[in-house]
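Here's a quick briefing to read alongside the model. Have the viewer open as you go.

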Amino acid sequence: MADPEVKKSEDEWREALSPEEFQVLRKHGTEPPGSSPLDKEYGAGTYSCAGCGQSLFSSEHKFNSGSGWPSFYQPLDNATETSVDFKLIYPRTEVHCSRCGGHLGHVFKDGPRPTGLRYCMNGIAMKFDPGKE
Ligand code: FE
């Protein structure tokens, strides 16, 4: 991962975020499926990073994966970076914010057209801005 533009110490992040946001964004946690209201959000707007405010996803690319986590078939340009996560037996591709390095979720290759990708995101790691382009 490239050196993030937004850098804070662990204590600074703990102060800036709620305990649940901190666990996901800074500790690679996963929210319980179905726990985020953003899973069921289908209005027009932009999803931004709860850590640094960078715009990450457009509602145009959101779809219902049935997983209980907000899912998109592509991110906004240059908004995210990926790295390989070996925490489970099989490697998974981790998705994080390109600006602050916050953990957002994982990307899988079983998504819909046109990309065939499924960005499986933690809703708590994002804020929804209705109508924002
Ligand atoms: Fe961020």
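Which residue lies over the face of Trp-13? That's Lys-8, at 5.3 Å from the ring centre; a charge counts as over a ring if NZ of Lys or CZ of Arg is within 6 Å of the ring centre and within 35 degrees of the ring normal. Keep in mind that this is a predicted model, where local features need pLDDT of at least 70, side-chain atom pairs count only at pLDDT 80 or more, and totals for chains, interfaces and linings use all residues. Residues are numbered from 1 along each chain as its sequence is written, and side-chain values use heavy atoms, with hydrogens and water left out.

**Iron site**
- Cys-49, Cys-52, Cys-97 and Cys-100 each give the iron ion an SG donor, at 2.3 to 2.4 Å (donors are N, O and S atoms within 2.8 Å of the metal, or 3.2 Å for Na, K and Ca).
- Angles among the four donor atoms run from 101 to 114°, and the site is tetrahedral (four donors, all angles between 85 and 135 degrees).
- Along the chain, the donors follow the spacing C-x2-C-x44-C-x2-C.
- Cys-49 is buried, with a relative accessible area of 2% (buried means under 20%, with a 1.4 Å probe and protein chains only).
- Cys-100 is buried too, with a relative accessible area of 2%.

**Aromatic rings**
- Ring pairs join Tyr-47, Phe-57, Phe-72, Tyr-119 and Phe-128 into a cluster (rings pair if their centres lie within 6.5 Å).
- Tyr-47 and Phe-128 are both buried.

**Another charge over a ring**
- Lys-62 sits over the face of Tyr-42, at 4.2 Å from the ring centre.

Technical notes:
Four donors count as tetrahedral if all angles lie between 85 and 135 degrees; four count as square planar and six as octahedral if opposite donors are over 155 degrees apart and all others between 65 and 115; anything else is irregular. Buried means under 20% relative accessible area, exposed over 50%, partly exposed in between (1.4 Å probe, protein chains only). Rings of Phe, Tyr and Trp (its six-membered ring) pair if their centres lie within 6.5 Å; planes under 30 degrees apart count as stacked, over 60 as edge-to-face and the rest as tilted.
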